[in-house]
Amino acid sequence: MTAPNVVRDERPAFATHAVGAIVAIKLLLMLAVVNRYGYFRDELYYLSCSEHLSWGYVDQPPLVAALTWAVRHTLGSSLFALRLLPALAGCASVLFAALIAREMGGRRIAQVIAALGVLASMIFLGLDHLLTMNAFDPPLWMACSYIVLRIQRTGNERLWLGFGAVSGLALLNKYGIAFFAVGIVAGLLLTPMRQSLTRPWIWLGGALAVLIALPNFIWQMHRGFPFLELMHHIRMSGRDVSFGPIGFLWQQFFMLNPLCAPAVILGVAWFFTSRGKSYRALGWAYLVTLTIMIALKGKNYYLAPIYPLVFAAAGIALEQFATARRTRPWRMRLVDVYVGLWMITSLLLMPLALPVLSVEHYIAYTRTMHLAPPKLEHQPEGPLPQIYADMHGWPEMARAAADYYHSLPAGERAKTAIFAENYGDAGAIDFFGAQYGLPKAISGHQTFWYWGPRDFTTESILVLGDDDPSWWQKHCSSLTVAAELHHPLARPDENLPIYHCRGLDMDMKQFWPKTRHFS
């Protein structure tokens, strides 16, 4: 009797202790600042969405709302509770970078450099601090990349089913995975892995991804694809800062760490060397996805989820340089110095991405260093950049609305609606207003519009966030200033008066369709 064949695992040993230490540092760093500043605008919106669970929302698929619901009903709605999941997702991104490096043949040095690259990148520090869709995209994209590598290495085509399952879940998180999937298909076509396209498993995996994402597609279809309407309005408004090809490439380096540019270039180039040939499909996937993002004038961070893969390849390239045959000690020292300078630069830039400093120290630091994060939207800014300003002013807004609301006679108060012009104001009223006895907000912005005006009439409405009250002046029998808002750290466009409209000259059936705006 012959012994069964045993497939030998030829992958290098995993650098468990070193990578584990880096993951632990990532988690501790995220948790150390979890209560800094306050709730972010989008976090307040997702809290409201979690009270209206659905297969879709105007501006995002359903996963982030479902996760927010799960957190609220287990850990609560504190900043620690909400931001624990993105912190763990960030740790997963670090871990995947090391695992992918190992899967492509990288030993300890490569795995550590890959993990450090993710740890020290500004964009991941910022995204992993907040409960948003963006925190979950990198580990989902990297799970897909890891599966592709396993298929290439083992020849197990059934793993395309796993790729499909993860891709479907990623589509329920954010639609950007579709561009990465296009990049992977292009990578398959341009390499010997194209043989997978002649077999059933990749098509079954694609069908599984579509099946998982189908409920969200149906939700969008039944409402005339409001997400596409939103994207059209954003593009026409010129809200987002757009970059040309050179500007977009520079933004990639800056959002990661300016000193990472050599590593990124090395990582991408490594896929097109003889040693990286086996994994070239993913190198093409990066280039194709990058090209798509440039062509569509996407925001700089839309490509962020792919960079753990690039750092894994960069780690291997640097390891091969440092340990090449006939190596010289200076090579290893050069890599050590480069990685060390990379980490030091990240420490210097960290306050731009993560609130490690108090507000006062942050303002002083950026003025002294003449530093500022890049603007992503054409929005007015105060002493803080948009990402930090959006964490200030919300409790004060709710308190000001509550003070006026409770000054009204009981009869009028009972029928007074709180109308918010944007989802940030509406989310703040929903979350902070409960402690002051305020009703839930109504709004025509984004998915709030689908939740409707409930049973309110147009007799008495508090209006938040309107920078031009002329429409209300025209249609209200009286319009008065209910409260003034002057938070020094909030966005300037949030320091707007709260108005009280009495006697709107139309009923709610006439009024509500006019409020709809997806922007």
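Reader: At about what angle does helix α21 run to β1?
Author: This is a predicted model, where local features need pLDDT of at least 70, side-chain atom pairs count only at pLDDT 80 or more, and totals for chains, interfaces and linings use all residues. Residues are numbered from 1 along each chain as its sequence is written, and side-chain values use heavy atoms, with hydrogens and water left out. Helices (H or I, at least four residues) and strands (E, at least two) are DSSP runs, numbered from the N terminus, while axes are lines fitted to C-alpha atoms, for helices over the stretch in contact, with angles from 0 to 180 degrees between N-to-C directions. Helix α21, residues 423–432, lies across β1, β2 and β3, and its angle to β1 is about 135 degrees.

Reader: In what order do the strands of the open sheet come?
Author: Two strands pair if DSSP finds at least two bridges between them. There are 5 strands in this open sheet, and the pairing is mixed. β2 (442–443) and β4 stand at the edges with a single partner strand each, so one side of each has no neighbour in the sheet. The order is β2-β1-β3-β5-β4.

Reader: Which residue in β2 is the bridge partner of Ala420?
Author: Strand β1 covers residues 416–420, and with β2 this strand pairs in the parallel sense over 2 bridges. On the β3 side, Ala420 stands opposite Leu464. In β2, the partner is Ser443.

Reader: Which residue of β5 is the bridge partner of Ile461?
Author: β3 has parallel pairing with β1, over 5 bridges. With β5, β3 pairs in the antiparallel sense over 4 bridges. In β5, the partner of Ile461 is Cys501.

Reader: Which cysteine does a disulfide join to Cys501?
Author: A disulfide is a pair of cysteine sulfur atoms within 2.5 Å, and a search of the whole structure finds 1. Here the S to S distance is 2.0 Å, and the link is left-handed, with -105 degrees about the S-S bond. One cysteine lies in strand β4 (residues 476–483) and the other in strand β5 (residues 498–504), so the pair ties together parts that are 25 residues apart in sequence. The partner of Cys501 is Cys476.

Reader: What about Cys91: which cysteine has the nearest sulfur?
Author: Both Cys476 and Cys501 are buried. Cys91 is in no disulfide, and the nearest cysteine sulfur is 20 Å away. Cys91 counts as buried too, at 7% relative accessibility. That nearest sulfur belongs to Cys144.

Reader: Is Gln446 buried or exposed?
Author: Gln446 lies in the loop between β2 and α22 (448–451). Most residues other than glycine have a negative phi. Phi of Gln446, though, is near 50 degrees, a positive value. At 2% relative accessibility, Gln446 counts as buried.

Reader: And His370, is that residue buried or exposed?
Author: His370 sits in the loop between α17 (359–369) and α18 (386–389). The phi of His370 is positive as well, near 55 degrees. With a relative accessible area of 72%, His370 is exposed.

Reader: Which residues is Leu189 in contact with, leaving aside neighbours within four places in sequence?
Author: Contact means heavy atoms within 4.5 Å. Leu189 is found in helix α9, residues 177–189, and counts as partly exposed at 48% relative accessibility. The C-alpha atoms of Leu189 and Glu43 are 40 Å apart. Leaving those neighbours aside, Leu189 is in contact with Arg194 and Leu197.

Key:
Buried means under 20% relative accessible area, exposed over 50%, partly exposed in between (1.4 Å probe, protein chains only).
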